Amino acid sequence: MFEKFFKLSEHGTTVRTEVIAGLTTFLTMSYIIFVNPDILSTTGMDRDAVFVATCLAAALGSMVMATMANWPIGMAPGMGLNAFFAFTVVAALGFTWQQALGAVFISGMIFVLLTVTGVRSWLIEGIPHSLRSAIAAGIGLFLGIIALKSSGIVVDNPATLVGLGDLKQTGPLLAILGFFVIAVLDALRVKGSILIGILVVTVLSWILGVSEFRGVVSMPPSILPTFLQLDIMGALHGGLLHVILVFVLVEVFDATGTLIGVAKRANLIKEGQKSRLGRALLADSTAIVAGSLIGTSSTTAYVESASGVQAGGRTGLTAFTIAILFLAALFLSPLAGSVPSYATAPALLYVAGLMMRELTEVEWEDLTEAAPAALTALAMPFTYSIANGLAFGFISYVVLKLFTGKWKDIHPATAIVAVLFVIRFAFFAE
């Protein structure tokens with residue numbers, strides 16, 4: 001059955017190899033089942049329901065990728081946009097989480113339309129490489145400051161804006177330990193290093209009595225507190241249009257770049273297979289819509305899928321395995337509820353560091369490329385908003401290119417996005 005459906009022989013692989021590849025990818029990305037509920041629950045969303053929604057969104061997205069595109073890529077709620085959802089849209093801007101879910105749904109529908117019409121590819125081709133790299137790095141910095149703040153390592157300081165927390169406290173110490181555990185294990189190429197780091201800190205918190213052990217396995221909790229709770233009309237009429245724009249832009253860059261990057265590693269993008277890339281793009285677009293309906297932020301392709309490709313994954317059976325494992329994870333809700341924020345903070349901080357590697361791709365010798373990239377990356381953490389970083393980057397890029405005589409470098413897509421952000425600042429000021 002697997003041979004016929006996934007064409008294993010044609011791709012030079014076996015059921016055993018694909019299953020091992022799926023397990024490998026699951027171990028590297030399963031930290032999201034602990035991190036996502038921890039982040040989204042700060043908005044008032046039911047933590048247990050978000051846990052279920054996270055597992056279901058990951059399973060559904062990965063299953064769609066397996067059956068529609070036959071690619072070995074895992075899907076789950078994305079890092080960065082979940083933080084933007086919780087800490088910017090809800091906490092900073094004051095919208096309800098229901099409105100935020102409505103914005104995710106609308107952005108997903110737009111994303112599907114962009115994919116079907118081919119505009120998505122046009123956007124990717126038109127956005128400067130330096131800005132794309134800076135966006136990834138800026139999101140990493142945004143995640144980093146959230147991690148440092150939630151763990152108590154960085155605290156508010158009226159004199160200097162931010163300052164160093166009390167590192168003698170249990171929370172910061174455990175967070176620092178967790179970061180080193182993750183970093184060392186990853187350097188030693190241990191699969192699931194982030195997951196192991198989270199679990200080590202969680203167990204230590206139980207032993208020290210600073211976190212409550214609630215068990216490991218139980219029947220999945222109810223998803224009803226978040227299922228179909230999105231407020232679409234509230235998102236449309238509540239001044240969330242610029243937020244929808246940010247969701248769409250980040251989804252375009254992040255998801256597309258990940259899909260193409262991992263597919264190239266697996267040698268899946270070549271002549272005669274363009275239609276499969278189209279199906280993969282459509283699969284991740286529809287996963288965003290489905291995720292918003294069940295109650296989680298944008299679902300996207302995971303770069304951790306590269307670990308499964310390295311283990312030999314070449315077909316959708318790898319993604320199918322990932323989906324099954326996320327469904328099995330539904331029964332770990334007591335464990336997920338026992339994970340404290342200073343156990344997930346090291347994971348956020350480590351992912352932030354990995355994302356910042358994109359800064360090496362910026363053309364630093366060309367100031368008209370470097371300055372907008374720097375503004376993009378710096379504005380995200382220091383204004384606590386991915387939206388502001390994108391706006392600063394696109395607007396400054398167009399202005400600098402125009403006034404230095406390099407207007408031919410400006411692609412229409414970049415100009416359009418810059419104009420949209422100017423309109424946002426003029427009419428939708430926060």
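User: Which residues does Leu390 touch, not counting residues up to four places away in sequence?

Analyst: This is a predicted model, in which local features need pLDDT of at least 70 and side-chain atom pairs count only at pLDDT 80 or more, while totals for chains, interfaces and linings use all residues. Residues are numbered from 1 along each chain as its sequence is written, and side-chain values use heavy atoms, with hydrogens and water left out. With contact taken as heavy atoms within 4.5 Å, and residues up to four places away in sequence not counted, Leu390 touches Ile135, Val246, Leu249, Val250, Met380 and Phe421.

User: Which residues touch the most other members of the largest nonpolar core?

Analyst: A nonpolar core is a set of buried Ala, Val, Leu, Ile, Met, Phe, Trp, Tyr and Cys residues joined through side-chain atoms within 4.5 Å, where buried means under 20% relative accessible area, exposed over 50% and partly exposed in between (1.4 Å probe, protein chains only). The largest such core has 105 residues, and those touching the most other members are Phe84, Phe85, Leu390 and Phe394.

User: Which residues does the second, separate core include?

Analyst: This second core is separate and has 14 residues. Among its members are Met65, Met75, Leu281 and Ala301.

User: Which elements do the buried residues of α2 pack against?

Analyst: Helices (H or I, at least four residues) and strands (E, at least two) are DSSP runs, numbered from the N terminus. The buried residues of α2 are Glu18, Ala21, Gly22, Thr24, Thr25, Phe26, Thr28 and Met29. These residues pack against α3 (32-40), β1 (75-77), α14 (305-310) and α15 (316-328).

User: Which helix has the lowest mean pLDDT among the elements of the protein?

Analyst: The pLDDT is the predictor's confidence in each residue, from 0 to 100, and its mean for the protein is 84, with 93% of residues reaching 70 or more. Among the elements, helix α18 (residues 367-382) has the highest mean, 92, whereas the lowest, 72, belongs to helix α12 (residues 241-265).

User: Which residues form one aromatic cluster with Tyr384?

Analyst: Rings of Phe, Tyr and Trp (its six-membered ring) pair if their centres lie within 6.5 Å, and planes under 30 degrees apart count as stacked, over 60 as edge-to-face and the rest as tilted; by this rule the count comes to seven aromatic pairs. The rings of Phe87 and Tyr384 are edge-to-face, with centres 6.5 Å apart and planes at 70°, and those of Phe142 and Tyr384 are also edge-to-face, with centres 5.4 Å apart and planes at 75°. Phe142 lies in helix α8 (residues 129-150) and Tyr384 in the loop between α18 and α19, so their pair ties together parts that are 242 residues apart in sequence. The residues that form one aromatic cluster with Tyr384 are Phe87 and Phe142.
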